[in-house]
Amino acid sequence: MKSLAVFDQLGLLALSQAGAGSYTPGARHAFHAHNPLWAYCNPALARPFAGGSEGDFGPEVFAFPPPDTGLDEAMRRTRLLVFLGAQRTPELQAALARTDGVCLIFEPDPERMAAFLDDEKPWELAGKGVFFVAGDPDRTPSPLLQILPENLASLGYPLFFACEGLPEALPGYVRRVEEVLELFYYRNVIYTLDSQDNIRGLPIRPLVRNAVYDRYKHLYENLAPCLRGGELSDLLGALTGHTAILAAAGPALTGQIEFIRANQDRAAVIAVNSALKPLLKAGIEPDFVIINDTSMDSEPTLAGLPGLKKARLVAHCLSTTGQGGFERAWFFGNFPGQPFPKRDSLLLHGSVITTAFALAEYMGCSRVYLAGVQLASPDPLAMNYSKGSQHEAHASGVNEMTLTHRWPQLYPATAADGSRMFTTLNFFDSAQWFADRIRMANMEVVNLTPSSILQGPGIAFDPAPVLPEDPGLARNLDSISSTDFSARRERVLDYIRQELTLWKTKQRAARQAGESFSSAAAFIAASDQDNTSFMLQRFADFDNTRFHTAFFEGADEGRRMEGARYFLGYMDRMCEALLKILLAQHKRVQALPGRPE
């Protein structure tokens, strides 16, 4: 096994802590056709770029090659090949001879991998884009999805070649390797295209994409709250050694309300924004409410609150804050040019429950209990949520007999209790990321929900744990203070005036650009380069497809001018909306007390 140690030390091998089984290898590797993870993606994302543009990832973001795909055809489609089984076959030898791609070689049996590597010279492979994984892909010392470099996904979607005999002997191993690698590609490529930032921007054309309208809206709305509130660093270590209950809005939350009620004096209750209203309806006001979603879609979760005195809002500076629903708020995250000092950030991914976990960790909690954290649904077409939440539980009526194993069906997953569940690819990715995060964290984690897909090393399951009393918790909660930013008042007012000038100028230019087609085209081209075209795609009911079809594909100048006027009209309205917010914030900030810097 000496060769394994050498390749491991050179960074060419991830050696698992356990094998994944044995098999009798054949003499060839063959393309392994299967139903890939992106079968559950919107088909429009397969070729989302305008006019056949190759974008960043080639003209074909993902595809479904036929079962008889050979190595040459696979190499034409992608530069990322995955071989299952460390066996010297003509196909693997040909792939290793390539100089323009990456070859990943997985082997379930570490001893077979050692025998394979005994005949390889590591210094010859070091610069050839080859990486080996031996044993169980879920038991590598560091999570595999953290080991693989993100830029690997820019080579294209992975295609798989399996050694004869391996899929039949170890189907679970083969499927898991495929799932992990496809999830890696989804996380680094498809997710960006399918995100709130871009899904309303199809077809995608080259333009500057710094921040969507939603983020500017919340940035401006939060100027006065940020001036009155604190920053994340105020919470650092505030609850060292204490326990936290993290409440998410999965349907199981309804049945776990009484557990939270019984233990709200024994643990700090941290609710994600979508779980707040179900808790309030049950008469429970959490200690903290966390939000990191910067889209306007999250606004209903904090709208119309009664004016909470106990709950402390911890919000990203670009998230909605409920417009006065909280007496106290602390902010994290940053935005270029902001009139505030740089704030700390929280490590998060996909779901806000990962942000709640990061907050508990940041405050020094030693143990967390997860309530309502399922990240999945028994319904194959609809994610279900707790009663009283923004997306309350509902059923689609689809059952096992009518599954298509294609979008818009949700992705099938197995819960910790073995039950069949379904989830969005975003939540499936979030669950894997969160499980990897917990695995590497120094914190005790107990999931109250056996029907959760959040499972793995470091996650215990107990639907009814007994929590010890914690007499010091209330005292430490009451001692949390806020940084005083009142000295920033004049700086914030200057920033507002600067932004008012910017949007007045943009609005004036939009109104003047309609005088001729050439001036309209020049304005649109400039907007593509100053981020405002990107912002417009998320404003109100602007229809990017309608605009793109008319302006870029119109049969004549009249049709193209029609598209330009549509764009200019919405740009005028967007500028007006932002100006209105800024003027309101200027009035609010002026009314706040200030002091010299």
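User: Happy to start with helix 19 and helix 20: at roughly what angle do their axes cross?

Analyst: Good place to begin, and please keep in mind that this is a predicted model. The axes of helix 19 (residues 544-553) and helix 20 come within 6 Å. Helix 19 passes helix 20 in a left-handed crossing. The angle between the axes is roughly 145 degrees.

User: Which residues of helix 19 make that contact?

Analyst: On the helix 20 side, the contact includes Arg-559, Tyr-566 and Phe-567. By class, the contact of helix 19 with helix 20 holds six nonpolar, one polar and three charged residues. From helix 19 come Arg-546, Phe-547, Ala-550 and Phe-551.

User: How does helix 16 run relative to helix 20, roughly parallel or roughly antiparallel?

Analyst: Helix 16 (residues 489-512) and helix 20 (residues 557-590) have axes that come within 9 Å and cross at roughly 160 degrees. Angles over 145 degrees count as roughly antiparallel. Helix 16 is therefore, relative to helix 20, roughly antiparallel.

User: How many nonpolar residues are in the contact of helix 16 with helix 20?

Analyst: Helix 16 passes helix 20 in a left-handed crossing. Their contact has four polar and eight charged residues, and the nonpolar ones number 15.

User: Now the open sheet: which are its edge strands?

Analyst: Nine strands with parallel pairing form this sheet, in the order 7-12-11-10-9-8-13-16-17. An edge strand pairs on one side only, and here those are strand 7 (230-231) and strand 17 (459-461).

User: Which residue of strand 9 is the bridge partner of Ala-247?

Analyst: Strand 8 (residues 243-247) and strand 9 (residues 268-272) pair in the parallel sense over four bridges. The bridge partner of Ala-247 in strand 9 is Ala-271.

Note on methods: Residues numbered from 1 in each chain as written. Predicted model: local features only at pLDDT ≥ 70, side-chain atom pairs only at ≥ 80, totals over all residues. Heavy atoms only, no water. Axes fitted to C-alpha atoms, helices over the stretch in contact; angles between N-to-C directions. Helix = DSSP H or I, 4+ residues; strand = E, 2+ residues; numbered from the N terminus. Parallel < 35°, antiparallel > 145°, perpendicular 65-115°, else oblique. Left-handed = near helix turned anticlockwise from the far one by under 90°. Nonpolar A, V, L, I, M, F, W, Y, C, P; charged D, E, K, R; others polar. Pairing = 2+ DSSP bridges. Contact = heavy atoms within 4.5 Å.
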